[in-house]
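Colleague: Hey, could you walk me through this one? I've only just opened it.
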Amino acid sequence: MFRLLLILGLFIMNLSVTKAQDKKIFVWGGDINLKFTRYIVDLTGKEHPRLCYLPTASGDNPDNIRFWGSICNALKIDTLVMNVWVSASPDNQSFEDILLHSDAIVVGGGNTLNMIGIWKAQGIDKILKKALDKGIILSGGSAGSICWFEKGISDRLYEALYRTYLFVLHAQT
């Protein structure tokens with residue numbers, strides 16, 4: 001009987017000691033590069049992390065995607081790219097499946113206003129908030145760095161005229 005109570009007590013203690021997920025956002029002043037990506041890999045603490053690249057701000061530009069691939073090849077890590085300008089994943093995975101099963105999410109540069117608009121229209125902003133809450137590292141350079149803030153000023157002509165409300169961390173869940 002004592003062993004049963006001891007086991008039950010330890011089980012209850014385990015349930016009550018829940019550690020909050022660490023929330024990490026790493027922003028970079030310029031576009032992504034090898035040094036930036038190596039740092040993101042190190043932040044995951046995993047030998048073979050799963051990094052997801054979101055090139056939305058560049059309109060899913062194939063050159064940017066190839067450049068990202070060359071960085072990941074140099075680091076010998078696997079990556080996936082989440083295109084949103086075309087019909088989603090070739091594996092028919094949802095945006096949520098792709099993003100919430102990543103160790104880190106890297107957002108590329110480009111047009112911040114268009115990127116946020118697309119994310120909001122497709123619910124990606126809310127998924128990114130879930131990813132942060134889950135402890136997935138959020139990162140990016142240029143447009144991929146200012147998207148994590150509530151407000152920011154971009155160098156794009158139309159965006160420079162007013163403060164852009166950015167949705168990611170302040171999305172209603």
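Colleague: At what angle do helix H5 and helix H6 pack, and how far apart are their axes?
Modeller: One heads-up: this is a predicted model, where local features need pLDDT of at least 70 and side-chain atom pairs count only at 80 or more, while totals for chains, interfaces and linings use all residues. Residues are numbered from 1 along each chain as its sequence is written, and side-chain values use heavy atoms, without hydrogens or water. Now, H5 (residues 112–122) and H6 (residues 124–134) pack at about 85 degrees, axes 5 Å apart. That makes H5 roughly perpendicular to H6 (65 to 115 degrees; under 35 is roughly parallel, over 145 roughly antiparallel, the rest oblique). Angles run from 0 to 180 degrees between N-to-C directions, with axes fitted to C-alpha atoms, for helices over the stretch in contact.

Colleague: Which residues meet there?
Modeller: From H5, Trp119, Lys120 and Gln122 meet Ile124, Asp125 and Leu128 of H6 (contact is heavy atoms within 4.5 Å).

Colleague: OK, on to the sheet. What order do the strands come in?
Modeller: S1-S5-S4-S2-S3, an open sheet of 5 strands with parallel pairing. Helices (H or I, at least four residues) and strands (E, at least two) are DSSP runs numbered from the N terminus, and strands pair if DSSP finds at least two bridges between them.

Colleague: Which strands stand at the edges?
Modeller: S1 (25–28) and S3 (79–81); each has a single partner strand, so one side of each lacks a neighbour in the sheet. On average, neighbouring strands are turned by 20 degrees against each other, direction ignored.

Colleague: And how many bridges join S2 and S4?
Modeller: S2 (residues 51–54) and S4 (residues 104–107) pair over 4 bridges, in the parallel sense. Leu54 sits opposite Val107 in S4.

Colleague: Which strands does helix H3 touch?
Modeller: H3 (residues 62–74) packs on the sheet against S2, S3 and S4, its direction making about 170 degrees with that of S3. H6 packs on the sheet too, touching S1, S2, S4 and S5 (137–141), at about 125 degrees to the direction of S5.
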